Amino acid sequence: MADILYLDHAATSPLRPEARDAFLRAADLGGNASSVHSLGRKAKLTLEEARNDILSAVGAVGIGGLVFTSGGTEANALALYQAQNYDRVLVSAGEHDSIYGAVSGADIVPLKATGDVDLVALEALLAKPGRPFVALMLANNETGVINDVAMAAALVHAKGGWLHVDAVQALGKIHIDFAALGADSLSLSAHKVGGGQGAGALIYNRDHTPKALITGSGQELGLRAGTENIAGIAAFAAALKACNGVSDALSSAQKSTEAALKALGVTILGEAAARVPGILYIAQADWASNLQLIHMDLAGICVSSGSACSSGKVKASRVVTAMGHADSGLADLDDKVLRISGGWTTTAEDWEHFYDVWSKGYKVYLKRHAKELV
């Protein structure tokens, strides 16, 4: 539909032309990478070239191994499966549902009001007895706030622990250097960078090779059984190569939109922290998330109220609730939020159009409900 404006790249980014071409080339091979005949060898070559390209893109060549998975959720599950070898599990309050779903009984590391993890609280929790397994995302999937992973890694390793980093939302938006981060494992997903759904990866430090979660055959050096999704993996690598020109800074168009929204009294969640470009998380105390979503959808603009991995439901944000524990001013905003996320298809005019539609809708809403809001 030509009239649709897509601003939900954080949920999934449309397939890049480079990824589509790579997918079709790999799909046309027709071979299984485990077969020894010529077509099997071509499929294997495609697989290994993609593996090397992705390792190179995140600065993990020589120090990291890579297990291909069905996506970020499986990569997180594989990482958390390693926690059984540790005494305690610590998870930040801002983690993705796939982290919470992979472990139970974890200690929760709080967030600061700015949206990043409280490293002082992390250090205090690490002081308790036992070797820790810690999960901490690089960039939050709702606010876009970037955590100081390198500092967290130093704290975790001082206690002999494993640090897993969910880098799904950071990939393609900021420079990632696996060695500099100091993580023991790193999860990635293809569809967040325009590589198509159904492919992901877990990068791991070769000093900490993970134990397989899915067993049964010898694919992926025995670390993940099942025939590899060659076409999806090829598309993943191609999309990641196309991300080389990303900026570490918010675009001027996004900054202008944020400034205009603030003039209307809108709260920008995570504004005071470092954030990845493209993600704008707003809250307006007078306007519920579901009503904002309906208005934007009727205007042909695709946005969300937060993580897309919540069974399609509009519900209160756990991330905003966690931020509210440190700032009472945020406590009542967890069901008033809207996430706008641009990507490789987004233009400055798209940001301007979003603001125009949202602001007009908000002003109409205020007029209709003026008596209720007094």
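Biologist: What volume does the largest pocket have?

Modeller: Keep in mind that this is a predicted model, so the value is computed from predicted atoms. For the largest pocket, the volume comes to about 450 Å³.

Biologist: Which residues lie nearest the centre of the largest pocket?

Modeller: The lining is made up of 26 residues. By class, the lining divides into 11 nonpolar, 12 polar and 3 charged residues. Nearest the centre of the pocket are P277, G278, G342, G343 and W344.

Biologist: Now to Q292: is this residue buried or exposed?

Modeller: Q292 sits in helix 10, which covers residues 289–298. A residue counts as buried when its relative accessible area is under 20%. The value for Q292 is 0%, so this residue is buried.

Biologist: Which residue has its backbone oxygen 3.1 Å from a polar atom of the Q292 side chain?

Modeller: Let us look at the surroundings of Q292. Leaving aside neighbours within four places in sequence, Q292 is in contact with I282, W287, K336, V337, L338 and W358. The backbone oxygen at 3.1 Å from the side chain belongs to one of these, K336.

Biologist: How many disulfides does a search of the whole structure find?

Modeller: A disulfide is a covalent bond between the sulfur atoms of two cysteines. To count here, the two sulfur atoms must be within 2.5 Å. The number of disulfides found in the whole structure is 0.

Biologist: How much space lies in the largest cavity?

Modeller: The structure holds 2 cavities of 30 Å³ or more. Among the residues lining the largest cavity are S92, E95, M137 and N147. Its lining has 3 nonpolar, 5 polar and 1 charged residues. The space inside the largest cavity is about 40 Å³.

Biologist: And how many nonpolar residues are in the lining of the second largest cavity?

Modeller: This cavity holds about 30 Å³ of space. Strand 3 (88–92) and strand 5 (132–135) each give two or more residues to its lining. The lining has 1 polar residue and no charged ones, and its nonpolar residues number 7.

Conventions: Residues are numbered from 1 along each chain as its sequence is written. This is a predicted model: local features need pLDDT of at least 70, side-chain atom pairs count only at pLDDT 80 or more; totals for chains, interfaces and linings use all residues. Side-chain values use heavy atoms; hydrogens and water are left out. On a 1 Å grid over the protein atoms alone, a cavity is a set of points where a 1.4 Å probe fits but cannot get out, and a pocket is an open set with protein on both sides within 12 Å along at least five of seven lines; lining residues have an atom within 4 Å of a point. Grid points are joined across faces, edges and corners, and a volume is the space filled by probe spheres set on the points. Ala, Val, Leu, Ile, Met, Phe, Trp, Tyr, Cys and Pro count as nonpolar, Asp, Glu, Lys and Arg as charged, and the others, Gly among them, as polar. Helices (H or I, at least four residues) and strands (E, at least two) are DSSP runs, numbered from the N terminus. Buried means under 20% relative accessible area, exposed over 50%, partly exposed in between (1.4 Å probe, protein chains only). A polar contact is a pair of N or O atoms within 3.5 Å; within protein, one must be able to donate a hydrogen and the other to accept it, and residues adjacent in sequence count only if both atoms are side-chain atoms. Contact means heavy atoms within 4.5 Å.
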